[in-house]
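Here's a quick briefing to read with the model open beside you.

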Amino acid sequence: MSEQTKFVLDESRIPKCWYNLMADLPTPPPPVLHPGTLEPVGPDDLAPLFPMSLIAQEVTTEREVEIPDPVREVYKLWRPSPLYRARRLERELDTPARIYYKYEGVSPAGSHKPNTAVAQAFYNKEAGVRRIATETGAGQWGSSLSFAGSVFGLEVEVFMVRVSYNQKPYRRALMETYGARCVPSPSEYTNSGRAILAQRADHPGSLGIAISEAVEIAAQHEDTKYALGSVLNHVLLHQTVAGLESIEQMAMAGDDPDILIGCTGGGSNFAGLVFPYLGLQLRGGRSRRVIAVEPAACPSLTRGQYAYDFGDTGHLTPLTKMHTLGSTFTPPGFHAGGLRYHGMAPLVSHAKELGLLEARAYHQRACFEAGVIFARAEGIVPAPEANHAVRAAIDEALHAKASGTSPVILFNLCGHGHFDMQAYIDFHSGKLTDQDYDEGELALALSGLPSVKA
Ligand SMILES: *Cc1c(COP(=O)(O)O)cnc(C)c1O
């Protein structure tokens, strides 16, 4: 019997099209609303922020969207990404489950985010844009877009949440190495930033605030657009290369996943892995368990409300219907910086309402314990965000052992943790604690949800 552990595709197998779940959904997701009129937004409303090609991808219901050749060329730097069978982890857990993972940490920035950053930079360049403004939390998205900007010759300006800016100098250095400008947010450069600083000069910042600042810069400058690293339909679309490749690689392995797992911040790496599989199911194929894993300290899918909300704290963005903790919710400090967003991708939220997926939340210590078990067995140190998926995969494998079943588990190992070793240092020294969000703060944030007629 073959003991193969690594399943690799030739670069000619990089998908030629992204997969669009919209084409196969039984009902479309609710429309995106204009924040002023509360009417559905049209392409012109979004034109100050995004190039028309990306706006078209945001609303298309075509099943396959062609990947431009220049994007596929850049993808060749690391795609197709490898898929592994975690044989040593299986032995360590003594489980009858077969565990596979798709590894997206092989990209230049070390995560799945360049899959969309490269595409977004390409379309912006094609539209004659000179500069892209964006936000970043822990720095993963900022460094991915900085890399993509350097490839296509675009200026990139990154508003980085101030606590991360101070805590994560290496991510900032990576952005600057790629030639981007990185500014701590809230900043003095925008009205939104100045308004926050007037209330509290030492404000630590949040993703919602940083988004407001980047959107404001893009809206005010003709030559500048905005880019978002998760949540939006076109971002989820670009991430489907991971799931499309996985379908081929699982066939090479001669296995078919029963359980699909991804961690969810805004939902993009999760959607990238699972949407192509959900498409197979919706077109008449078999069903699988699909599990979204989020931090207990920022639990939008498990504790949020499914409601219209703003994407940012300054309320400059359109309203989308999603699982949300409220746009003013500030989660407690925990290490999976990429999972600190108050909302969930509208498409992931809609799929949850349709019963296509389940969600669960874990505290961070349990996730780091899982990450360390994984690293010792498989050699790869997962990003703190990815540890949530690792925890769920290990729990499912242990459950299989206890219940005498032998499911095939596939999860997205969406990034490595090489820039997050301080979190591992804290974990090893026992300093990493489980933090709960403040129920009062959540209630307050939810009470501030915009009122939109059903
Ligand atoms: C940004 C990030 C996430 C969270 O974003 P999603 O859109 O939910 O994927 C998760 N993991 C890593 C490694 C990230 O960089």
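Let's start at Pro80, which is found in the loop between helix H3 (69-75) and strand S4 (83-85). The peptide bond from Arg79 to Pro80 is cis, with omega near -10°. Helices (H or I, at least four residues) and strands (E, at least two) are DSSP runs, numbered from the N terminus.

Keep in mind that this is a predicted model, where local features need pLDDT of at least 70 and side-chain atom pairs count only at pLDDT 80 or more, while totals for chains, interfaces and linings use all residues. Residues are numbered from 1 along each chain as its sequence is written, and side-chain values use heavy atoms, with hydrogens and water left out.

- Most residues other than glycine have a negative phi, and most peptide bonds are trans.
- Another cis peptide bond runs from Ser185 to Pro186, with omega near 5°; Pro186 lies in the loop between strand S8 (181-185) and helix H9 (191-199).
- Val231 isn't a glycine, yet its phi is positive, near 70°. You'll find Val231 in the loop between S9 and H11, and at 9% relative accessible area it is buried (buried means under 20% relative accessible area, exposed over 50%, partly exposed in between, with a 1.4 Å probe and protein chains only).
- His315 also has a positive phi without being glycine, near 60°. This one sits in the loop between S12 and S13 and counts as partly exposed, at 32% relative accessibility.

**Strand S6 and its neighbours**

- All six residues of S6 (residues 131-136) are buried. One side carries Arg131, Ala133 and Glu135, the other Ile132, Thr134 and Thr136, and both faces are covered.
- S6 pairs in parallel with S7 (residues 155-161) over six bridges (two strands pair if DSSP finds at least two bridges between them). Thr136 stands opposite Met160 in S7.
- S6 also runs parallel to S9 (residues 224-226), joined by three bridges, with Arg131 opposite Thr224.
- Right-handed here means that, with the strands pointing away from the viewer, the path from the first strand over the helix to the second runs clockwise.

**Strand S11**

- S11 (residues 289-295) is largely enclosed by the rest of the structure, because six of its seven residues are buried.
- S10 (residues 259-263) pairs with S11 in the parallel sense over five bridges, and Ile261 has Ile291 as its bridge partner.
- S14 (residues 358-362) also pairs in parallel with S11 over five bridges; there, Val293 stands opposite Arg360.
- S10, helix H13 (residues 268-282) and S11 form a right-handed β-α-β unit too.

- Glu216 belongs to helix H10 (residues 207-220).
- Its side chain makes a polar contact of 2.4 Å with that of Ser192 (a pair of N or O atoms within 3.5 Å; within protein, one must be able to donate a hydrogen and the other to accept it, and residues adjacent in sequence count only if both atoms are side-chain atoms).

**Helix H15**

- Six of the eight residues of H15 (residues 346-353) are buried, so the helix is largely enclosed by the rest of the structure.
- The buried ones are Pro346, Leu347, Val348, Ser349, His350 and Ala351.
- After H15 comes Gly355, with a positive phi near 80°.
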